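Me: I would like to go through this protein slowly and ask, for each label, what stands behind it. Could you set the values against the cut-offs as we go?

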Amino acid sequence: MADELTSGSVPPFYREVYDIVCPNQETKVDRDVFVRILMKSNLPKTTLSQIWVAVDTKQGFLSRNGFYKALALTALAQQGKPVNEKLLENFADQELPRPSLGDLSELKTLTVQVRKEKNPSILGYSFRQLQDMDVVSVGVVPEKKGLLLKHVEYEVQSNFYKTTVMRRYNDFIALHEVLLQRFPYRMVPTPPPKKMMRVTREFIESRRRALRRFLTMICRHPVFHESAITKFFMTFQGSVSLYF
């Protein structure tokens, strides 16, 4: 078969690139994604065409084996060697060569971009990529007495923005309302409801966890994450409800 790899051991770098290209553990590498990756090798177009012909299964995708074979041929071509499958036989008892593909973080962005272009209805992110967008914590600040009633403040921290801000429940409600106005056709997470009754420690802890879930879903949403509204909420030192 065109995509069969029979010689050499697979280096960890190959698996790392494969995991980026197939973050959801798919068994197929999309042709368009593969072509974009080859272009990062800075090889001439004629060479890239030869690599594709060597691994093409005529099905519009590559298997994991075929993808590894393409990476090996790319590495050899970058060393000035011809695109020849027989050269891989020289690596029978050693690791296959490692190609130069630039910054792998750029490769992640490229993969997501291609997935979005092919299917705009999906986010194109793996669960791990969504997790990496931000890690949010919400803690309870010791109670402070207002003029009439006690109120609870929350300390909000963001790994992405490297910030710590103080927020009250009404600030979270204001964030929710502004996001609804800005994104009327998106499903905006809902904050915990207001409870007009006796406030206990159990209630405060339950609300804190709910507010953290609410904020985490916003900060890990690909659209809300990039919104100036979210950035303002996570970085502004002061009551955001006064400005929303």
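Me: What makes α4 a mostly covered helix?
Reply: In this predicted model, twelve of the 15 residues of α4 are buried, and among them are G66, F67, Y68, K69 and A70. Buried here means under 20% relative accessible area. What covers these residues includes α1, β1, α2, α3 and β2.

Me: How do you know that the span of α4 is close to the expected one?
Reply: The expected span is 1.5 Å times one less than the number of residues, and for the 15 residues of α4 this comes to 21 Å, while the helix reaches 21 Å from its first C-alpha to its last. Just after α4, G80 takes a positive phi of about 90°.

Me: Why is the meeting of K69 and E85 called a salt bridge?
Reply: The label asks for a side-chain nitrogen of Lys or Arg within 4 Å of a carboxyl oxygen of Asp or Glu, and the N to O distance between K69 and E85 is 2.5 Å, so the pair qualifies. This pair links distant parts of the chain, with K69 in helix α4 and E85 in the loop between α4 and α5, 16 residues apart.

Me: How many salt bridges does the structure hold, and which residues form a network of them?
Reply: The structure holds three salt bridges, and the network links E205, R208 and R209.

Me: Where do E205, R208 and R209 lie, and how exposed are they?
Reply: E205 and R208 both lie in helix α8, three residues apart, about one turn of the helix, and E205 and R209, four residues apart in α8, are likewise separated by about one helical turn. An α-helix has 3.6 residues a turn, so residues three or four places apart point the same way. E205 at 30% relative accessibility counts as partly exposed, R209 at 35% is partly exposed, and R208 at 17% counts as buried, because the cut-off is under 20%.

Me: How do you know that the buried residues of α3 line one face of the helix?
Reply: The buried residues of α3 are T47, L48, I51, W52, A54 and V55. Seen down the axis of α3, they fall within an arc of 160°, so they line one face. These buried residues pack against α2, β2 and α4, whereas the face turned away from them carries the exposed residues K45, T46 and V53.

How values were computed
Residues numbered from 1 in each chain as written. Predicted model: local features only at pLDDT ≥ 70, side-chain atom pairs only at ≥ 80, totals over all residues. Heavy atoms only, no water. Helix = DSSP H or I, 4+ residues; strand = E, 2+ residues; numbered from the N terminus. Buried < 20%, exposed > 50% of the residue type's maximum accessible area, 1.4 Å probe, protein only. Contact = heavy atoms within 4.5 Å. Arc of directions from axis to C-beta.
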